[in-house]
There are 2 protein chains.
Amino acid sequence: MKPYDILVTNGVVVTLDSKDRIIQNGAVAISGDRIADIGPAAGFPDGEALKIIDASGGIIMPGLVNTHTHAAMTCFRGLADDLPLMTWLHDYIFPAEANLDYQKVHAGALLACAEMILSGTTCFADMYLFEDAVAQAAKIAGMRAVVGEVLYDFPSPCYGPIEQGFVYTENLIQKWRDDPLVTVAVEPHSPYLCAPELLMRAARLSESHNVPLIIHVAETRSENTTMHERYGKSPVGHLADIGILSPRLLACHCVTVTEPDMELLAANQVKVSHNPESNMKLASGIAPVPRLMKAGVCVGLGTDGCTSNNNLDMFSEMDTAAKLHKVNCMDPTVMDAPAVLKMATIDAARALGLSAVTGSLEIGKKADVIVVDTRKPHLTPMYNVYSHLVYAAGGHDVAASIIGGQLVMENRRLLTLDVEKIMADVCQIARDIKTAGK
Amino acid sequence: MKPYDILVTNGVVVTLDSKDRIIQNGAVAISGDRIADIGPAAGFPDGEALKIIDASGGIIMPGLVNTHTHAAMTCFRGLADDLPLMTWLHDYIFPAEANLDYQKVHAGALLACAEMILSGTTCFADMYLFEDAVAQAAKIAGMRAVVGEVLYDFPSPCYGPIEQGFVYTENLIQKWRDDPLVTVAVEPHSPYLCAPELLMRAARLSESHNVPLIIHVAETRSENTTMHERYGKSPVGHLADIGILSPRLLACHCVTVTEPDMELLAANQVKVSHNPESNMKLASGIAPVPRLMKAGVCVGLGTDGCTSNNNLDMFSEMDTAAKLHKVNCMDPTVMDAPAVLKMATIDAARALGLSAVTGSLEIGKKADVIVVDTRKPHLTPMYNVYSHLVYAAGGHDVAASIIGGQLVMENRRLLTLDVEKIMADVCQIARDIKTAGK
């Protein structure tokens, strides 16, 4: 009997483990859904595995972890850009979302999964409507996902009144409790669209089930103004006041946070999702990520949805994150390539409470592994793998992807999804939206 | 006899002509090196051309124009990153450049051409050492190029003393005078590395041959300080004082320009090359591009060299440019997708004095045409071509490229270059650099 199911070999293994080990000509051996061994390629004869993935001198690394998506918004990619925020939201996004249903969210989420797998992401954290459809899509795609139904004070096109939103969320938690890929989170939208009672109840639910609590916080100046008017506090200050800051909380955006806010986040071990491209495109501002990190806050990277980005490519997001903070701080040494790569892997996994499961290549962890093909002009020559991954590579350079021991993409071919059908389904949704808009 | 040599058909034709014409199911017909006709695909039966390029519903558009490169710096891609500017320059870049020769520059430039063609660029403006090697590389690749030997006060590894730099430049101008692809420019490095006499002589040479004058200007705060100390003027103010501002001048970077500087640039019809990713990565600052454009200055986009980017992908550069200025101005409506696309095509061609030749799809212009394949998850669905090209696409989505009527890339295969040999040559150069550094 072969000792391993899959052997990914003949590449530079970038482990992102606690010692930042890099193995120049290395291999990763997989048994079942887990990493069984890591070491020099010479130590693993090819005959020892049922399936060999030859990295051909490229890079073998952990799959990327996207800490903030609205996957099904792929349906609206490019529907509206370059507009004032309120025009964009009220004239385009909200009307489009009012017509969503389970099938549309499922189709959009499948498309997102296809795009994410093809660009090296193996795990994503999603907030949206009809989130059971997203969980189902992730399951079909074979992707690791944290999903949560968005909760707010007004009725939802999915569950109706907020009371039913909590029922929906509890049902989701029960339904996916033992799934090897899908985790459910409790996801109130934001402090400005959720009353304190809603937020506190959401926090209690997250605590009682020990699942993540995910929320948008301090995304825009206008949110900040609203919160000061309503509560005399910053968004983070308000969340502290009502007692919901905790290590389970993932605060997405954190653009307008102040020094006292950052101290609160650090003291309560709150995690932050950083979404630079979305914050830039919507002109929301620049999150003070180097200062957050200095304060000891764990920051994971995310793309946000496709209406404000407009893709889900985490390689592009890494590149932008590194460059944006250098110029914002006027210091080329901040946000160096290894730090940014961690923000898209192990730190992102930590932000989702999944660092024991994914985010680095370590024996015993789930086998979430990607291969980057470096035999291309734009990745030649190679002096430094971290530099290449952050500053030169793109999602299209990912040649293979394994999630939880399942090979989901090989030689750019998706093995779990019928990509032609998925694209056709979303194109039909787009045609309906265009017709309705006329 | 077939009336056309090449017919690019069955795509959305984005002309970027003065009327911004878009033809939904269109075609571009090419005879010899020029665009012979443009119109609905139905008007061009397939039998009417020797070669058919089927865009398969994708986008047919002008090739991208990169207004600022140091092509051969591909040899140093990722050699040094995340360092203070002076450490980076003096400990890594200058020592590596001291060992350059014609062969190395030729190899590096060929690699750059391969990368540029594969990412949709059909024309680039280069400044470096041994620039005849870059012209030769462009010629082999079949790329349109503006090349110029860098001139400065100290001796050059290429030509020796500055007197010989002018001889080298004049020889280049004579040698390439009638070339259909290569134009030679006069290229003093910058106001801080070139004495006024050098700059004035360079300007006279550019004037007498009616060729572009290309220079780095106002890239960093430290340059600005130096110029004020030396001349009591800003970099642009100094160039105005010595009388070298003109419509032939392309000023690269212009990060630290003031309102009076912008008025000088506009009044003298000076063109600007904007290099956002390089300026971000080196923490140089953010060029006030929306204000430059408002002042009436023609701005073309550029990547700069691979040591400060670290790729030559103009799609990525467009995305970053659009987002950077939105967040910098805190206004999502600035730098909209059509404006940014023009900055990478027709405005870039104008900046190089080549707008009669390239940068848009118009009958009679040289046939510099690319096809973007949109049948991919990250480009699905498609509501708006401009949005997709700027915010969602990447260089890897370019399926075919035609330059001056020559098909140089089809289905991602380079037709003019031996890419395996080119990559092997540059890898050898990198090995030598690594060995020397030990």
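**Labels and the values behind them**

Analyst: In this predicted model, strand S12 (residues 249-253) of chain B and strand S13 (residues 271-274) of chain B run parallel and are joined by three bridges.

User: What makes strand S12 and strand S13 of chain B a pair?

Analyst: Pairing requires at least two bridges. Three bridges join S12 to S13 in chain B, so by that rule the strands pair. One bridge sets B:Ala251 against its partner B:Val272 in S13(B). Helix H11 (residues 314-329) of chain B packs on the sheet, where it touches S13 and S14 of chain B. The direction of helix H11 makes about 130° with that of S14(B).

User: What is the strand order of the open sheet of four strands in chain B?

Analyst: The order is S11-S12-S13-S14 in chain B, with parallel pairing. Strand S11 (213-217) and strand S14 (299-301) of chain B are the edge strands, each pairing on one side only. On average, neighbouring strands of this sheet are turned by 30° against each other, direction ignored.

User: And in chain A, what is the order of the open sheet of four strands?

Analyst: The chain A sheet has the order S11-S12-S13-S14, and its pairing is parallel. Why do strand S11 and strand S14 of chain A stand at the edges? Strand S11 (213-217) and strand S14 (299-301) of chain A each have a single partner strand, so one side of each has no neighbour in the sheet.

User: Why does A:Thr121 count as buried?

Analyst: Buried means under 20% relative accessible area. A:Thr121 has 0% relative accessibility, so A:Thr121 counts as buried. This residue is found in strand S7 (residues 121-128) of chain A.

User: Which residues is A:Thr121 in contact with, leaving aside its neighbours within four places in sequence?

Analyst: They are A:Leu64, A:Asn66, A:Met116, A:Met143, A:Leu312 and A:Met314.

User: What makes strand S8 of chain B mostly covered?

Analyst: Eight of the eight residues of strand S8 (residues 144-151) of chain B are buried. Strand S7 (residues 121-128) of chain B runs parallel to S8(B), and six bridges join the two. Within S8(B), B:Arg144 stands opposite B:Cys123.

User: How many cavities does a search of the whole structure find?

Analyst: The search finds two of 30 Å³ or more. About 40 Å³ of space lies in the largest cavity, and the second largest cavity has a volume of about 40 Å³.

User: Which residues line them?

Analyst: The lining of the largest cavity is made up of A:Ala80, A:Asp81, A:Asp82, A:Leu83, A:Trp88, A:Lys281, A:Leu282, A:Thr307 and B:Pro332. These residues divide into five nonpolar, one polar and three charged. The second largest cavity is lined by A:Pro332, B:Ala80, B:Asp81, B:Asp82, B:Leu83, B:Trp88, B:Lys281 and B:Leu282. That lining has five nonpolar, no polar and three charged residues.

Terms used. Residues numbered from 1 in each chain as written. Chains lettered and ligands numbered in written order. Predicted model: local features only at pLDDT ≥ 70, side-chain atom pairs only at ≥ 80, totals over all residues. Heavy atoms only, no water. 1 Å grid on protein atoms, 1.4 Å probe; cavity = no way out; pocket = protein on both sides within 12 Å on 5 of 7 lines; lining within 4 Å. Points joined across faces, edges and corners; volume = space filled by probe spheres on them. Nonpolar A, V, L, I, M, F, W, Y, C, P; charged D, E, K, R; others polar. Buried < 20%, exposed > 50% of the residue type's maximum accessible area, 1.4 Å probe, protein only. Contact = heavy atoms within 4.5 Å. Axes fitted to C-alpha atoms, helices over the stretch in contact; angles between N-to-C directions.
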